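I opened this model to look up a few local features. My entries follow the order in which I checked them.

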Amino acid sequence: MPKITMINGPVVKCDCPEELKIKEMVLVGENRLIGEVISIDKNRATIQVYEDTTGLKLQENIESLNKPLSVRLGPGLIGNMFDGIERPLNKIEKEYGSTIPSGLGLQNLDSEKIWDVEIKVKIGDKLKKGDIYATVDETSVIEHKLMSQYDGEVIWISDEQKHKLEDTVVIIKNDNNKHDLKLYQDWSIRIQREVKETLPTNVLLKTGQRILDIFFPVAKGGTVAIPGGFGTGKTSLQHQLAQYCDADIIIYIGCGERGNEMTQVLEDFPKLIDPNTGKDLMERTILIANTSNMPVAAREASIYTGITIAEYYRDMGYDVALMADSTSRWAEALREISGRLEEIPAEEGYPAYLGSRLSQFYERAGNVVNLNGTKGSVTLIGAVSPTGGDFSEPVTENTKRAVNVFLGLDKNLAYSRHYPAINWLDSYSGYIDSLSSYYEDETGEDVLNLRSILMNILLEEQKLKSIVMLIGEDSLNDEQKITMDLAEIIRVGFLQQNAFNEVDKYVPLEKQIEMLKTVVLLSDCCFKSVDKKIAYHLIKNDEIFNEVINMKYEISNYDLSKFSILNNKIENYYRSLLEEGDGIE
């Protein structure tokens, strides 16, 4: 049996008999700590340990488990909270208190809970990989579909309805081999789950946040990065997305962040109501917590644990949104382990393979046809915490190359209480063109053209700010002044949302489109009046401008009739100016 020959924090080396294999899961020392073989050099193996190695000694044994680092996938995942290697933290707290002792072993799903199982196959049916053989009502909103890992013919089915996790419910046979199908399956976290076909990402992930649904849209199956310095609202934005996006399943990974941030998640999420179902948000949510005071190696594994669970529910035909907060802490774990492995560091001490690891993670997103013919998606939303808000640092730069939506958070906007603090000049979305037909089919409006009108006003405002800073606001002509006023309406009335206001914290797409059309109507009327030489003080009607800014509060999300009243008021006022020529200079 292999013996420990070196210990360096979470990195352990041992002599390497033939039974050890690369990427294999092992148990390290007398406490049987969970580890993974990450390299083999001649007669020595290097093992990454996912638990605290305090008290580990040289010459202790290492036991091979003859399988890769895996997670157990089955009913009981939703509504639960796990650490980075899928151990249930609620159960651990009840048994051991507020600290996680070493050597707990491979605890995961509750094997004693009894589930009502509905068998979906009969004897003689031919099953293929991914086919559904039974279902379980995991929560009141999620039906858990049990999928075969093998091809074969059904030769036995259980005649019982209630089962525990380890019970065999179906037996299939292929090539004289029999396979017992239970209520769970194990899957390696390093291996991407198979799909039949990858589809275009052309369906909007509705979030209820105007700057996302209109200005920088996210497609289901897309990839998103949210970089921002300390206090810019990364976590708040991810919480908002977790509550309001129209994905079927939410997986929230607290990767290396402070414990109090995960405490906030644990306190807030069970109290929240899902606006899409009217049920508790936890009935479609899975939490994975690997905070900064937990083993650093498990921080690296938590990202892969989360994406593997996401792919599992995607294979059932669900749309899954995964929030990782933050990938910077994951990258720091890579850097620390790389240093202990004595690898040659690259930029800022990160390993040379940082970019490829980030790409491998984000490429597991997608909108797909599953092996069983259902359609599902995994949307990856990763927060990035660049030191000092420097977007040129390696993690942000490498992430930028791997994602299609970049939502740069601005500290000046955040400190001025502008939420979400997404800088519209630094951010972009690569899904705008692919979603054009979606907007047209769903709303009947040319949303992208309306969006471009507002974006052009914001870009023009940025240029004018430079002029104002140099020679003052009095140097602007009437058209430029109106541009600045309209830009303020767009920023305050459209882009800024109030997360504490019942009307404004979540806005349906239909209302967003009406708000967009109203702002475009006002800008069109204002610029026409400027062309007709109408006096500036008449064009800028404070009453109308304030009504447009406050329409986000004053008009109900589900009764949009007041928009026609506001639009008629705008049209009538500026028509009277143009027809009467009142105030022409």
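**Second largest pocket.** I looked up which element gives the most to the lining of the second largest pocket, and it is α3, with five residues. I take a pocket, on a 1 Å grid over the protein atoms alone, as an open set of points where a 1.4 Å probe fits, with protein on both sides within 12 Å along at least five of seven lines. Lining residues have an atom within 4 Å of a point. Helices (H or I, at least four residues) and strands (E, at least two) are DSSP runs, numbered from the N terminus.

The model is predicted: local features need pLDDT of at least 70, side-chain atom pairs count only at pLDDT 80 or more, and totals for chains, interfaces and linings use all residues. Residues are numbered from 1 along each chain as its sequence is written, and side-chain values use heavy atoms, with hydrogens and water left out.

I noted 15 lining residues for the second largest pocket. S236, Q240, Q264, A499 and F500 lie nearest its centre. The elements that give two or more residues to this lining are α3 (234-244) and α4. The volume is about 510 Å³, taken as the space filled by probe spheres set on the points, which are joined across faces, edges and corners. By class I found six nonpolar, seven polar and two charged residues. Here Ala, Val, Leu, Ile, Met, Phe, Trp, Tyr, Cys and Pro count as nonpolar, Asp, Glu, Lys and Arg as charged, and the others, Gly among them, as polar.

**Largest pocket.** I read a volume of about 720 Å³ for the largest pocket. It has 34 lining residues, and S98, I100, T291, N293 and M294 are the closest to its centre. Two or more lining residues come from each of α1 (89-96), α4 (259-268), β21 (285-290) and α5 (296-314). I sorted the lining into 17 nonpolar, 12 polar and five charged residues.

**Strand β3.** Is β3 mostly covered or open? I found five of the five residues in β3 (24-28) buried, that is, under 20% relative accessible area, with exposed over 50% and partly exposed in between (1.4 Å probe, protein chains only). In a regular strand, side chains alternate between the two faces of the sheet. E24, V26 and V28 are buried on one side of β3, and M25 and L27 on the other.

Next I checked its partners; two strands pair if DSSP finds at least two bridges between them. β3 runs antiparallel to β6 (62-68), with four bridges. There V28 has I62 as its bridge partner. β3 also pairs with β4 (33-41), antiparallel, over four bridges. L27 stands opposite I34. β3 and β4 make a hairpin with four residues between them, and G29 in the turn has a positive phi of about 75 degrees.

Most residues other than glycine have a negative phi, and most peptide bonds are trans. I listed the exceptions next.

- E86 has a positive phi of about 65 degrees. It sits in the loop between β8 (81-82) and α1, and is buried at 2% relative accessible area.
- E348 has a positive phi of about 55 degrees. It lies in the loop between α6 and α7 (354-362), and is partly exposed at 48%.
- D325 and S326 are joined by a cis peptide bond, omega about 0 degrees. S326 is in the loop between β22 (319-325) and α6 (327-340).
- Y419 and P420 are joined by a cis peptide bond, omega about -10 degrees. P420 is in the loop between α9 (411-415) and β26 (428-429).
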